[in-house]
Amino acid sequence: MASPNHVNTIVIGAGHAGLAMSQRLTERSIDHVVLERGEVANTWRTERWDSLRLLTPNSHTRLPGMADRGTDPDGFMTMSDVVQLINDYAATIEAPVQTGTTVTRVIATDDGYEVTTDRGVWRCSTLVLASGSANVANVPAFAQELPPSVATMTPMTYRSPAQLAEGGVLVVGGSATGVQLAEEIHRSGRPVTLSVGEHVRMPRSYRGRDIFWWMDAAGVLDERYDEVDDIVRARHTPSPQLVGSPEHRSIDLNTLGEIGVEIVGRLGSVNDGVALFSGALANTCRLADLKLTRLLDRFDQWASSAGVEGLAEPDPPRPTVVSADAPLSIDLRRRGINTVLWATGYRPDYSWLGLPVLDYRGRIRNEGGVVQGAPGVYLLGGSLLRTRRSSYISGAAEDSRVLADHLHSYLASGVGSPT
Ligand SMILES: Cc1cc2nc3c(=O)[nH]c(=O)nc-3n(C[C@H](O)[C@H](O)[C@H](O)COP(=O)(O)OP(=O)(O)OC[C@H]3O[C@@H](n4cnc5c(N)ncnc54)[C@H](O)[C@@H]3O)c2cc1C
């Protein structure tokens, strides 16, 4: 058997987060390799639907060490733009990526970590887990109760409406993915029912500025993981109802209802082919409206205290209108619903990680990306890892800087001395 390759640091994953870390490590002259199971930007190439655009404007898609590309700061990238950006980034920073290399096991050794891949074994002193937080689509266990005639799909396998069987579609989940797909599928001519639980409303723009301008300027994106009241809850906050479109339009339950999408409550179970929905839809929507009002009030207060000039008058979105007759149950076959699309979130896959670092939910225990229970191991990417910005591409710049500094100090301290 060939002897293991040795390197100071192994980064697992060549998405934007792993590459940002690679740039930081190169800056600090730390010898490393980035192991990637597919190609650079693999998830954007293989796990997203065709029409998707980023919901963050271009001004929020910066990566460390990459020059401004002069693209329209207010535009929204298509998937091929994103793949191009990340690919160009890997080339610009000369990231030492080994593509087509799947990590199958990570274990601790006396002086660091052993990383087994389908193309050989590596040893390292420090490890960066940048394998993504959206590796698996969440599908509730009761999905098994669906009649065999109903096809199921997740946003990772959905590409366009052309893939779907004729007939109605039940989209489950009212966050960014669910509202975008409900709209697209409805426009393809299929009747769509959208099942909505807790959700986050956001207009595309407010007082003439993009919502991300507000969240950035008013400090929302800089709120730290150790400042929020309930970090577990905050990390599971649904993504906002937003879409990136050339028209900069808003999307919410009102716009969907107006084009004919049927809005129902949270899907609780499926029984004998009948889908049962929560009766709390109106309350859920009132709560989302209330939270939106609070957010916009916060923006107004910040703008007035910061003396921001040139803003349009406040233009709060209309309260959500839902039908008092929203059905509590639908017999899927009788209604002609032939597809259920689970837009119910994602989770990471750490089945290959043989380190004692997972909590009871299977999440990695960490303090702002410094993994607990495995010295010299770092986590990058994912919701509120360090700040609210961490959920977005732009968060990798600061997160990778802080964690690379920590990693550098760890190596310099001689614990887990370089291999
Ligand atoms: C549908 C969707 C839309 C989003 N829209 C936006 C948006 O508009 N704006 C925004 O800023 N963010 C957006 N995000 C969030 C975020 O930017 C992405 O989730 C992003 O892909 C995370 O980057 P990452 O580098 O952490 O992980 P990923 O891009 O997932 O990269 C992880 C890499 O690790 C590799 N990998 C995984 N396991 C292994 C293994 N065992 N061995 C080797 N390699 C492995 C994967 O192939 C992948 O290339 C969106 C996310 C989703 C799911």
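## Helix α1 against α10

Helix α1 passes helix α10 in a right-handed crossing, a crossing being right-handed if the near helix is turned clockwise from the far one by less than a right angle and left-handed if anticlockwise. The model is predicted, with local features requiring pLDDT of at least 70 and side-chain atom pairs pLDDT 80 or more, while totals for chains, interfaces and linings use all residues. Residues are numbered from 1 along each chain as its sequence is written, and side-chain values use heavy atoms, without hydrogens and water.

The axes of α1 and α10 (residues 395–412) are 9 Å apart and form an angle of about 50°, where axes are lines fitted to C-alpha atoms over the stretch in contact and angles run from 0 to 180 degrees between N-to-C directions. The two helices are therefore oblique to each other (under 35 degrees counts as roughly parallel, over 145 as roughly antiparallel, 65 to 115 as roughly perpendicular and the rest as oblique). In contact (heavy atoms within 4.5 Å), α1 residues including Met21, Arg24 and Leu25 meet α10 residues including Glu398, Arg401 and Leu407. The residues of this contact divide into nine nonpolar, two polar and three charged.

## Helix α1 against α3

The axes of α1 (residues 16–27) and α3 (residues 79–92) come within 10 Å and cross at roughly 20°, which makes α1 roughly parallel to α3. Here the crossing of α1 past α3 is left-handed. His16, Leu19, Ala20 and Gln23 of α1 meet Ile86, Tyr89 and Ala90 of α3, and the residues of this contact comprise five nonpolar, two polar and no charged.

## Ligand surroundings

The ligand is surrounded by 29 residues, of which Glu36, Leu55, Thr56, Val103 and Ile393 are the closest, with a residue counted if one of its heavy atoms lies within 4 Å.

Among the polar contacts (pairs of N or O atoms within 3.5 Å), a side-chain N or O atom of Glu36 is 2.6 Å from a ligand oxygen atom, and a backbone N or O atom of Leu55 lies 2.6 Å from an oxygen atom of the ligand. A ligand nitrogen atom is 2.8 Å from an N or O atom in the side chain of Thr56.

Technical notes:
Helix = DSSP H or I, 4+ residues; strand = E, 2+ residues; numbered from the N terminus. Nonpolar A, V, L, I, M, F, W, Y, C, P; charged D, E, K, R; others polar. Polar contact = N/O pair within 3.5 Å; in protein donor to acceptor, adjacent residues only side chain to side chain.
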